[in-house]
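Here is a friendly briefing to read beside your model. Please keep the sequence and the 3D view open as you go through the topics.

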Amino acid sequence: MNLHTTPHTTRTSRTTRLAALAAVAAMVVAGVQAGSAVASPGDDDARAATAKPSTAALGVNPSAQRATAIKSAQAEASSAAKALKLGGREKLIVRDVVTDARGTVHTRYERTYDGLPVLGGDLVTHTAANGTLKSVDKATDAKIAVASTTPKLKAAASARKVIYAGGGSPVLAWETVKKGVQKDGTPSRLHTITDAATGKKLHSYEAVETGTGNSQYSGEVEITTTKSGSGFELTDGDRGGHKTYDLNQGSSGTGELVTDDDDTWGDGTGADRQTAAVDAHYGAAKTWDFYKTALGRDGIAGDGKAAYSRVHYGENYVNAFWDDSCFCMTYGDGEGNKNALTAIDVAAHEMTHGLTSATANLDYAGESGGLNEATSDILGASVEFFADNAADAGDYLIGEKIDINGDGSPLRYMDKPSKDGNSADFWDENLGDLDVHYSSGVANHFFYLLAEGSGKKTVNGVEYDSPTADGSTLTGIGREKAYQIWYKALSVYMTSTTDYAGARVATEKAATDLFGADSEELKAVSATWTGVNVK
């Protein structure tokens, strides 16, 4: 649990370029917006969003329409590549398409070069409803080209040949994945990128990202189950078919689907094995509902399909994690197998790693890794507030219920991250050298300040006292606007290599989209980043 913006300003072949992108946008708009009201092309810059934005402003994309939009955009990907003046050996692969209330189409692409994946080559185009290319956000500005795609050095049979563009000039490289176990018992899938000509290590990152029933943390809750034979099972048919499994202290597979005879689950204590399953199932449901209601998102990947949860992982495992390879959340039972790490903010944190992977896919290392972790904390806290559960009231403390430290203290503090003894309150040039769980502190602090403002205050009975790097006094814009801005930035402006400076640019763009270029919200975003020393 534990950006680079490149406006498209080429002057040559403008008519051809716009025609190509207009064709792409037209097909996508037709696929996504059938039967819905969309702003006229001229409205995009003329109308400021002064009222509270609807989820449509964030970019609603129901799963069925999303599939159609992606298929349409992929059919026009070669035209888009030419319009963007990519090299003849490059191709675009559509990962997502989001159309917002103003008709702007945000298309997220991965790139290949001679059929090889380009790591760090992703980009997002932003096309107005009339086909005009407004801007492009790229993970790299470098021209994607290498002298040869024939490696000088051999690699293990399991290695994948790639183009690595995350470190400056693109190079031919090998990507290897070593599976194992991390020090705390978390599964490991360590990706290492090495130069295919020299063998020099270029980059590495960890792919496993660490974070009526009677629940342990949320009291008596309603959960959605499914009748099966003479009993019931923890399958949520209302939310993509989410299932919760008991690993029975194992560390692989799915274990057994949790079942019950009378549809009354757990007893509210860690002594009953169903209790952890209730918390995990409830947390997954509330996170799904938050994505749907607050963000207009149809599931983690936007495709209407549920992940699944696994509880009772390992012995005395004091952690939880998200794994893209199984598209699942996994929870340990804590020290002595007494306190499962299944509190609602932890569940939402882990699910949000999946959401990040499906959107900006922030690289889990350096500053982008800190932003990845912070996104899970930000939306994890937001889900906790959204759930409005008296037994686990919303707060800006992460993991306060699971007692991971053994002394009742939270895992992380958003108002002053350094209170945990490791996290950073403010940006400095060494931030990227920290563990991603600690470099996340700056973004967590930004979110708290943007939502609540600086200084002393009490929220839901919890006292906070949040400082600023420059001693400035900040007034919050409210949690709802703050998470809308962060999600909009994540889903359509950030890329895999976005750092803190890029996050400032992305959130300023998002605030402009949602509230207008002269809005108090945009001014607050800029002032808050300055307040955490991101200038």
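Residues are numbered from 1 along each chain as its sequence is written, and side-chain values use heavy atoms, with hydrogens and water left out. Because the model is predicted, local features need pLDDT of at least 70 and side-chain atom pairs count only at pLDDT 80 or more, while totals for chains, interfaces and linings use all residues.

**The sheet**

- Strands here are DSSP runs of E with at least two residues, helices are runs of H or I with at least four, and both are numbered from the N terminus.
- Two strands pair if DSSP finds at least two bridges between them.
- β12 and β13 (residues 231–233) run antiparallel and are joined by three bridges.
- Ser-228 has Gly-231 in β13 as its bridge partner.

- Helix α6 (residues 273–295) packs against helix α7 (residues 344–358) at an angle of about 55°, with the axes 8 Å apart.
- Axes are lines fitted to C-alpha atoms, for helices over the stretch in contact, and angles run from 0 to 180 degrees between N-to-C directions.
- α6 and α7 are therefore oblique to each other (under 35 degrees is roughly parallel, over 145 roughly antiparallel, 65 to 115 roughly perpendicular, and the rest oblique).
- Residues of α6 including Tyr-282, Trp-288 and Tyr-291 meet residues of α7, among them Ile-344, Met-351 and Leu-355; contact means heavy atoms within 4.5 Å.

**A buried strand residue**

- Val-162 lies in strand β6 (residues 160–164).
- With 0% relative accessibility, Val-162 counts as buried (buried is under 20% relative accessible area, exposed over 50%, partly exposed in between, with a 1.4 Å probe and protein chains only).
- Leaving out residues up to four places away in sequence, Val-162 touches Leu-116, Pro-117, Leu-119, Val-171, Leu-172, Ala-173 and Glu-175.
- Val-162 and Pro-117 are 45 residues apart along the chain, and their C-alpha atoms are separated by 5.3 Å.

**Positive phi in loops**

- Asn-248, a residue other than glycine, has a positive phi near 55°.
- Asn-248 sits in the loop between β15 (242–246) and β16 (256–257), and is exposed at a relative accessible area of 55%.
- Phe-327, also not a glycine, has a positive phi of about 50°.
- Phe-327 is in the loop between β19 (320–323) and β20 (328–332), and counts as partly exposed at 24% relative accessibility.
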